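Colleague: Could you show me how to read a few features in a model like this one? I would like the general idea each time, and then the case at hand.

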Amino acid sequence: PFEFGSSYSPQVSYHFNPKVSQYHYGVRHPMKPFRLMLTDHLVSCYGLHKIMDLYETREATKEELLEFHAPDYIEFLSHVTPENLNKLPRGSLEKFNIGDDCPIFQGMFDYSILYAGASLDAARKLINNQSEIAINWSGGLHHAKKSNPSGFCYVNDIVLAIISLLRYHPRVLYIDIDLHHGDGVQEAFYTTDRVFTVSFHKYNGEFFPGTGDLDEIGCSKGKKFSLNVPLQDGIDDDSYINLFKSIIDPLVTSYKPTVIIQQCGADSLGHDRLGCFNLNIKAHGECVKFVKSFGIPILCVGGGGYTPRNVSRLWAYETGVLNDVLLPSDIPKDIPFTDWFGPDYSLHPVLDDLYENKNSKKYLENIRIRCLENLKYLQG
Ligand code: TV7
Ligand code: CA
Ligand code: ZN
């Protein structure tokens with residue numbers, strides 16, 4: 001049902017547990033785990049299941065979570081339920097930042113250990129050289145901190161995966177193209193030169209999570225090993241791709257990572273319910289294609305994305321990109337939930353012309369120059 005590209009196709013593993021898509025944050029909450037089911041259906045209806053190694057993932061253990069998270073936080077997460085919420089010691093909800101963004105919903109801990117287990121399984125396949133590209137669309141929850149949840153993220157599967165990769169890899173590169181700043185991952189590795197973190201995001205000092213300005217570059221041994229690319233509303237395909245390539249190319253060439261974690265948050269697409277960028281699916285995918293072109297092992301995770309029909313289109317398209325196959329534009333007729341993809345039933349609905357591009361040529365050129373300035377240090 002698809003054409004193979006001309007370049008070489010790597011061994012790709014796909015890590016998913018359908019259970020993870022059955023959880024609900026709450027009726028009005030924008031994060032919908034159901035989008036993962038939609039993605040999985042698209043991936044299989046396009047026939048991609050047949051060319052990847054498929055793994056039904058396991059739950060992360062408490063011991064694994066404790067590699068990053070604080071014991072009292074994991075103790076709290078694993079015991080709190082919607083039923084016992086009101087009987088907790090005074091102040092614990094405030095202490096652990098529980099609220100509308102990160103509610104205590106039915107099965108919240110099981111959901112968390114499922115998406116984290118999938119990233120750990122994916123990392124393990126790369127470590128064992130059983131896979132060159134490992135995909136976990138249920139992961140990418142980049143805001144979770146050591147001792148609290150944040151921005152819809154309870155445990156930080158990316159940080160946990162990187163910690164496990166660091167046992168075998170000298171240098172890990174983390175690339176985050178979610179609309180939001182990858183603050184949890186940046187913070188976890190802010191003082192080390194063994195993990196380079198780079199995030200592209202909307203930034204104005206107020207937009208969640210409020211961090212990610214150009215001057216956040218890491219500290220002590222990690223100084224110059226964090227990079228932030230703050231952007232304004234309405235960035236379009238060409239500006240984003242050009243900026244992405246002109247930063248990632250010298251970064252990979254000079255840092256020489258031995259493995260890359262690519263976070264593919266879909267809220268940077270046009271028409272996202274929480275978004276304000278104008279990217280089309282092909283442009284987002286072009287960034288992933290570019291990262292793949294270096295031939296370095298990749299752990300690919302999901303992240304944000306609040307318009308489920310576009311999230312699933314994007315991640316199915318990117319699963320194609322990572323397998324070097326070009327998917328036909330027509331959504332397969334036999335897909336369950338087919339109505340979600342109407343009226344166009346196309347993999348590439350036009351997502352442009354929503355926001356005015358507030359990133360002037362001058363603004364972008366300045367960002368690019370200042371980012372490249374920070375990278376110069378790596379050559380020395
Ligand atoms: C990775 N934006 C996560 C991105 C996390 C963004 C926020 C909401 C939101 C939450 C809701 C809701 C919402 C329409 C949107 C300052 C606040 C404002 C809660 C209402 N509708 C990722 C987190 C961000 C929850 N949070 O990077 C329940 O929008 O801006 C904020 C913080 C305080 C809390 N309130 C929002 O993409 C996965 N939240 C409706 C119901
Ligand atoms: Ca980002
Ligand atoms: Zn996001």
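Modeller: Gladly! Keep in mind that this is a predicted model. Let's start in a loop: threonine 307 is found between strand S9 (298-301) and helix H10 (308-322).

Colleague: Is threonine 307 buried or exposed?

Modeller: The general idea is a cut-off: a residue is called buried when its relative accessible area is under 20%. Threonine 307 has 8% relative accessibility, so it counts as buried.

Colleague: And which backbone atom lies 3.0 Å from a polar atom of the threonine 307 side chain?

Modeller: That is the backbone oxygen of histidine 271.

Colleague: Now to a helix. How many residues of helix H6 are buried?

Modeller: Here we use that cut-off along a whole element. In helix H6 (residues 157-165), nine of the nine residues are buried, so the helix is largely enclosed by the rest of the structure. The list runs through Asp157, Ile158, Val159, Leu160, Ala161, Ile162, Ile163, Ser164 and Leu165.

Colleague: What is found at the start of H6?

Modeller: Look at asparagine 156 there: one of its side-chain oxygens comes within 3.2 Å of the backbone nitrogen of isoleucine 158.

Colleague: Let's turn to the ligand. Which residues come nearest to ligand 1?

Modeller: Begin with the shell, then look at individual atom pairs. The shell of ligand 1 holds 18 residues, and those that come nearest are Asp101, His142, His143, Asp267 and Tyr306. By class, six of the shell residues are nonpolar, seven polar and five charged.

Colleague: What distances separate oxygen atoms of ligand 1 from side-chain N or O atoms?

Modeller: For tyrosine 306, the distance from a ligand oxygen to a side-chain N or O atom is 2.5 Å. For histidine 143 the corresponding value is 2.6 Å, and for aspartate 267 it is 3.0 Å. As for cover, ligand 1 on its own has 800 Å² of accessible area, and the protein covers 67% of that.

Colleague: Which residues line the largest cavity?

Modeller: Its lining consists of Tyr14, His15, Phe16, Leu36, Thr39, Asp40, Trp137 and Ser138. Strand S2 (12-16) and helix H1 (34-45) each contribute at least two lining residues. Sorted by class, the lining has four nonpolar residues, three polar and one charged.

Key: Residues numbered from 1 in each chain as written. Chains lettered and ligands numbered in written order. Predicted model: local features only at pLDDT ≥ 70, side-chain atom pairs only at ≥ 80, totals over all residues. Heavy atoms only, no water. Near = heavy atom within 4 Å. Polar contact = N/O pair within 3.5 Å; in protein donor to acceptor, adjacent residues only side chain to side chain. Areas by Shrake-Rupley, 256 points an atom, 1.4 Å probe, with all protein chains shown as cover. Nonpolar A, V, L, I, M, F, W, Y, C, P; charged D, E, K, R; others polar. 1 Å grid on protein atoms, 1.4 Å probe; cavity = no way out; pocket = protein on both sides within 12 Å on 5 of 7 lines; lining within 4 Å. Helix = DSSP H or I, 4+ residues; strand = E, 2+ residues; numbered from the N terminus. Buried < 20%, exposed > 50% of the residue type's maximum accessible area, 1.4 Å probe, protein only.
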